[in-house]
Amino acid sequence: MTLALSPPTSAPPVAAGLRCVRLDPVAWARQAASSPRPLGGLGWGIAAPGLAGLELPVLSEGGPLVDAWLGQGGTQRQGRNGAVQWQADDRWAFGQLDLPDVDGDLSGVARQAYLDIFTALRACGHTQVLRLWNYLPRINGDGGGLERYRQFNIGRQQAFMEAGHDAFEGAPAACALGLPDARDMPGGGLHLRFLAASKAPRPLENPRQVPAYRYSSTYGPRAPTFSRAALADAGGGRVALFVSGTASIVGEHSVHHGDVLAQARETLVNLQAVLDAANARCTAGFTFDDLHCTVYVRHAGDAAAVLALLAAAQPGAPAPLCVQADVCRAELLVEIEAHAFAPGALA
Ligand code: 3EB
C-alpha cells in the first residue's frame with residue numbers, strides 16, 4: 001500500500017543555528033510536537049497551542065500564520081519571571097509577556113514589563129536582546145495627558161536604565177505597533193516578544209535618520225529605545241540581520257503626510273540604507289531579496305498598493321506578511337520590518 005504523504009512544504013531545515021520559519025497553524029502544531037521544538041513564535045492573527053496570539057487582522061494571502069523561531073535543538077529550559085514566560089536552549093532564548101489592557105498611564109506598566117524581561121534574561125542566562133516586538137492597544141490614543149506610545153516610551157527607557165541595559169547606543173532592534181481597539185478581547189492588552197542570546201549583537205543605525213534614542217522632545221519626553229537594526233552570529237556560518245520597524249522618517253521627521261505610496265517608497269529607501277549599513281559590518285552581502293518582511297498598514301485598503309511596490313523591490317523574496325496595525329506616529333500609514341539570514345560572518 002502506498003501512503004500519500006503531503007509534501008514537506010513548511011518543514012524547517014535541520015541545519016544547526018538560529019532560524020525563523022513561517023508556518024501555517026497545522027504545521028506549527030506539528031512542529032511544536034516534534035524536535036527541535038521552536039523556542040517560541042509570533043502568532044499572527046491566531047492563538048495556537050503554546051502561543052498567545054497577536055490579534056491583528058492578517059491581510060496577505062494565506063491568512064493567519066506563525067513565525068516560529070528555532071534554535072539549537074538539544075536540551076531546552078523554560079521558566080517564568082514576573083509576567084514573562086521564556087524558553088531557552090544553550091544559545092538562544094525566546095520570551096513573551098501578555099498583560100491586560102490599562103486605560104490610565106501606561107508608563108508604569110511598560111516599566112514593570114521591561115523589568116520583568118530583564119529579570120527573565122538573567123534567569124535564562126541569555127542577557128543580550130537580539131530583537132524585541134512591542135504591541136499595545138490604542139497606541140495613538142490619549143492615556144491621560146500624553147499619547148499612550150509616549151507613555152510607553154517613558155517606562156521602557158526608565159526600565160533599561162534601572163536594569164543597566166543600554167538605553168541609547170546598543171539598544172536592541174525593535175518595533176512598536178498598535179493593536180485594534182479591543183478592550184473586551186482577550187488579546188487586547190500589552191504584548192511583548194523577545195529573542196535573546198548570550199553575546200551582544202552589533203547594533204546598526206541608518207545615516208538618513210537620527211537614532212531613535214536621540215529623537216528630540218518633539219516626539220515625546222523620553223525617546224524610544226531601539227536601534228535601526230542588529231547583526232548577530234546565527235550559527236552554522238551564517239549571519240542574522242534584524243531590521244527594526246522602518247517608516248517614512250527622514251532625520252527625525254515624518255515625511256509624505258497623507259500619501260501612503262510616497263511613504264512606502266521612502267521606507268524602501270530607508271531599508272536600503274540599513275542594508276548598506278549591515279553590509280559594511282559583515283560579509284553576508286544582504287540584498288532586498290534576502291529580507292523576510294512584515295508589512296504593517298494602518299488602513300487595510302492600502303495593503304495591495306504597498307505590497308505591489310515591495311514585490312517590485314524584491315522579486316526573488318518570499319511573499320511578505322501583511323497585517324493591519326496602527327503605526328506609532330499618528331501620521332505614519334505604513335511600516336516595514338524584516339529579518340534575514342545569509343552565509344557569512346561579522347566583519
Ligand atoms: C520610527 O522610526 C518609527 O518604539 O520600538 C519603529 C521601530 C518605530 C521601533 C519602537 C518605533 C519603534 O520611529 C516607529
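## Terms and model

A salt bridge is a side-chain nitrogen of Lys or Arg within 4 Å of a carboxyl oxygen of Asp or Glu. The structure is a predicted model, in which local features need pLDDT of at least 70 and side-chain atom pairs count only at pLDDT 80 or more, while totals for chains, interfaces and linings use all residues. Residues are numbered from 1 along each chain as its sequence is written, and side-chain values use heavy atoms, with hydrogens and water left out.

## Salt bridges

The structure holds 11 salt bridges. One of them joins Glu266 and Arg208, at 2.6 Å from N to O. This pair links distant parts of the chain, 58 residues apart: Glu266 is in helix α4 (residues 260-279), and Arg208 is in the loop between β11 (202-204) and β12 (229-235). Helices (H or I, at least four residues) and strands (E, at least two) are DSSP runs, numbered from the N terminus. Glu266 is buried at 13% relative accessible area, whereas Arg208 is partly exposed at 28%; buried means under 20%, exposed over 50%, and partly exposed in between, with a 1.4 Å probe and protein chains only.

Asp98 and Arg193 also form a salt bridge, with an N to O distance of 3.1 Å. Asp98 lies in strand β7 (residues 92-99) and Arg193 in strand β10 (residues 190-197), 95 residues apart. Arg193 is buried, with 0% relative accessible area, and Asp98 is partly exposed at 28%.

## A salt-bridge network

Asp101, Asp103, Arg138 and Arg148 are linked in a network of salt bridges. Within it, the closest N and O atoms of Asp101 and Arg138 are 2.6 Å apart. Asp101 is in the loop between β7 and α2, and Arg138 is in the loop between β8 (128-137) and α3, 37 residues apart. Asp101 is partly exposed at 23% relative accessible area, and Arg138 is buried at 14%.

## Packing of α2 and α3

The axes of helix α2 (residues 107-124) and helix α3 (residues 148-162) come within 7 Å and cross at roughly 35°. Axes are lines fitted to C-alpha atoms, for helices over the stretch in contact, and angles run from 0 to 180 degrees between N-to-C directions. The crossing of α2 past α3 is right-handed, meaning that the near helix is turned clockwise from the far one by less than a right angle.

Contact (heavy atoms within 4.5 Å) involves Ser107, Ala110, Arg111, Tyr114, Leu115 and Phe118 of α2. On α3, the contacting residues include Phe152, Ile154, Gly155, Arg156 and Glu162. By class, the contact has eight nonpolar, four polar and three charged residues. Ala, Val, Leu, Ile, Met, Phe, Trp, Tyr, Cys and Pro count as nonpolar, Asp, Glu, Lys and Arg as charged, and the others, Gly among them, as polar.
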